Amino acid sequence: MCCCRSCRWRRRRAAPGHRCRSRFPPPRRRCSTGCSVRAGRFCARSTARAAPWPRNCRRFSVPGFATAADYRLYTTPFNAAGHALQLAAPLAERREALREGMTGFLLPMLALLPLSWLLTGWIARQALAPMRALSAEIASRDGNRLDPIDTTGWPADLVQIAGTVNGFMARLTQALEAERAFATNAAHELRTPVAIALAQVQQLRAEAPENSRPENSRVDALERALQRMRRLVARLLQLARADAGVGASAQAHDIAALARLVVADVPARIRLDLPKAPVLARIDPDAFAIVLGNLVENALQHGAGEEIVVSVQPGPLLEVSNGGPVVPHLDTLPRRFSRGDGNGFGLGLHICGQIAAQAGGSLDLLSPRPGRADGFMARVHLRGTDG
């Protein structure tokens, strides 16, 4: 194989009689590494690690990288003088360097990743704390609480958002107050004329002859209509009080004694189940009377003539149950103006649920009654002295 520059670039085997055109003399000699080179050229190797030069290094005479058995080689292009430099690095040293480099990089990263995660989470929580506070303030607002949000010490961006929400709540407060004022004024204005008309009808019945049945039937129908209007006016007044937040009370009251007073004038169909010890609950007495009165009237209207049971239990807990068929769609009954199969107004259960929520409790409707196959039960959970 000719090793001159021109033949080596062409990678061809020298023909018989071919004379090398290299300007360097053809005699060969061995260098200290054992590599056969032309005279006038240099073969160098690093003395940092005593390792033999790879055999047959002239097989890798093409410029660029190559891999021998245990070495990684790099050969430079030949210069104008026909010289090239070939470097060899042991693969074991390269693997050791890679292993040490990865170890030196991964071990600190494994220690820094949890710390970075904790630090990033803490910074994110601290940065989002005002946003969470604003979200909690907005979530705490409802129809009974529309006071402005205090933005003292908040970032400027959140102050603008809170200002927009405060403006919206102010307009909503005005609209709700106007609606409540209209309902209250209308109920008060209708209360007196309805009472006068009812008294006139009762007087007309008393003065009517006994044998005038058509006139008496019309008087009875008129009286029933006026009685229904009177109940509607009373419900509207109760609804206005419930919307005004009458249920909450800072003091606890004995609801067992209140229940005894409320049902004192009710027909004998009601059976009281009251404990001997007082049952204290944080609810306004007038609000409790509204709740129990509506539940009793609902039971009288839909109880199918059976006995109505009013029970007060420690908890505190109020239960009003009656007989009758099973009532479907219980989840829609507490909605405003949601009527069942009767001829009610759709306001009684809504008022009870609203007052119970204001007092820190809840209203649950059960049909059939627990332990029975029929009937209806309204259960009011209230907040006690330890709540």
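## A term for exposure

A residue is called buried when its relative accessible area is under 20%, exposed when that area is over 50%, and partly exposed in between. By this scale L112, with a relative accessible area of 43%, counts as partly exposed, because that value falls in the middle range.

## The model as a whole

The model is a predicted one. Its protein has 387 residues, of which 32% are buried, and the secondary structure consists of seven helices and twelve strands. The protein exposes about 24,300 Å², and carbon and sulfur atoms supply 57% of that area.

When contacts between residues at least 6 apart in sequence are taken together, 55% of them join residues at least 24 apart.

An α-helix has 3.6 residues a turn, so residues three or four places apart point the same way.

## Strand 4 and its two partners

Strand 4, residues 71-75, is paired with strand 3, residues 64-67, in the antiparallel sense over four bridges, and the two strands form a hairpin with three residues between them. Strand 4 also runs antiparallel to strand 5, residues 86-90, to which five bridges join it.

How are the residues of strand 4 divided between a covered face and an uncovered one? The covered face holds Y71, L73 and T75, whereas R72 and Y74 make up the uncovered face. In a regular strand the side chains alternate between the two faces of the sheet.

## Helix 7 and the residue after it

Helix 7, residues 348-358, is largely enclosed by the rest of the structure, because nine of its eleven residues are buried. Those buried residues are G348, L349, H350, I351, C352, Q354, I355, A356 and Q358. Following helix 7 comes G360, whose phi is positive, near 85°.

Note on methods
Residues numbered from 1 in each chain as written. Predicted model: local features only at pLDDT ≥ 70, side-chain atom pairs only at ≥ 80, totals over all residues. Heavy atoms only, no water. Buried < 20%, exposed > 50% of the residue type's maximum accessible area, 1.4 Å probe, protein only. Contact = heavy atoms within 4.5 Å. Areas by Shrake-Rupley, 256 points an atom, 1.4 Å probe, with all protein chains shown as cover. Pairing = 2+ DSSP bridges.
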